[in-house]
Amino acid sequence: VVESGRNLVSFFGLFVYIGLTWLLGWNPRAVQYRPILVGLFMQFLFGYIVIRTDWGVAAIEFLSDIFIILLGYTYAGSEFVFGYLTDGQLFGRPFQLVDGGEYF
């Protein structure tokens with residue numbers, strides 16, 4: 001349900017992006033539209049599942065926890081390989097640019 005016109009910005013932006021890639025493509029006449037439409041359908045279906053179903057939200061939260069654990073392993077591996085460069089005293093934490101909890 002569209003509550004305001006601002007909600008349609010990303011929807012129209014998606015079609016502008018597809019239109020620009022078609023327009024600036026090497027051979028726009030050779031574009032096959034079926035894979036594009038199937039990809040758009042899959043994207044909307046996935047978005048519906050993630051946003052509107054309880055089990056979709058639970059699955060994304062589970063994957064989020066897994067990725068946060070993996071990011072912890074990468075930090076531990078960087079600390080093992082680069083040692084003092086990862087503690088933040090010399091360059092300020094170059095090997096841990098973002099915290100995984102901020103995005104997942």
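Me: What makes the arrangement of helix α2 and α3 roughly perpendicular?

Reply: In this predicted model, the axes of α2 (residues 33-52) and α3 cross at roughly 90° and come within 5 Å. Angles of 65 to 115 degrees count as roughly perpendicular, and α2 and α3 are therefore given that label. On the α2 side, the contact is made by Phe-46, Ile-49, Val-50, Ile-51 and Arg-52. From α3 come Asp-54, Trp-55, Gly-56, Val-57 and Ile-60.

Me: Why is Leu-63 called partly exposed?

Reply: Leu-63, which sits in helix α3, has a relative accessibility of 41%. Buried means under 20% and exposed means over 50%. The value for Leu-63 lies in between, so the residue counts as partly exposed.

Me: Which residues form the nonpolar patch on the surface?

Reply: Leu-63 is one of them, along with Phe-46, Ile-60, Phe-62, Ile-66, Phe-67, Ile-69, Leu-70 and Tyr-73. A patch residue needs over 30% relative accessible area, and Leu-63 has 41%. Together the patch residues have about 890 Å² of accessible area.

Me: Which helix gives the most to the nonpolar patch?

Reply: Helix α3, residues 54-82, gives the most, with eight residues.

Note on methods. Residues are numbered from 1 along each chain as its sequence is written. This is a predicted model: local features need pLDDT of at least 70, side-chain atom pairs count only at pLDDT 80 or more; totals for chains, interfaces and linings use all residues. Side-chain values use heavy atoms; hydrogens and water are left out. Patches are made of residues with over 30% relative accessible area and no salt bridge: like charges are joined within 9 Å, nonpolar side chains (Val, Leu, Ile, Met, Phe, Trp, Tyr) within 5 Å. Accessible areas come from the Shrake-Rupley method with a 1.4 Å probe; for residues, only the protein chains shown count as cover. A salt bridge is a side-chain nitrogen of Lys or Arg within 4 Å of a carboxyl oxygen of Asp or Glu. Helices (H or I, at least four residues) and strands (E, at least two) are DSSP runs, numbered from the N terminus. Buried means under 20% relative accessible area, exposed over 50%, partly exposed in between (1.4 Å probe, protein chains only). Axes are lines fitted to C-alpha atoms, for helices over the stretch in contact, and angles run from 0 to 180 degrees between N-to-C directions. Angles under 35 degrees count as roughly parallel, over 145 as roughly antiparallel, 65 to 115 as roughly perpendicular and the rest as oblique. Contact means heavy atoms within 4.5 Å.
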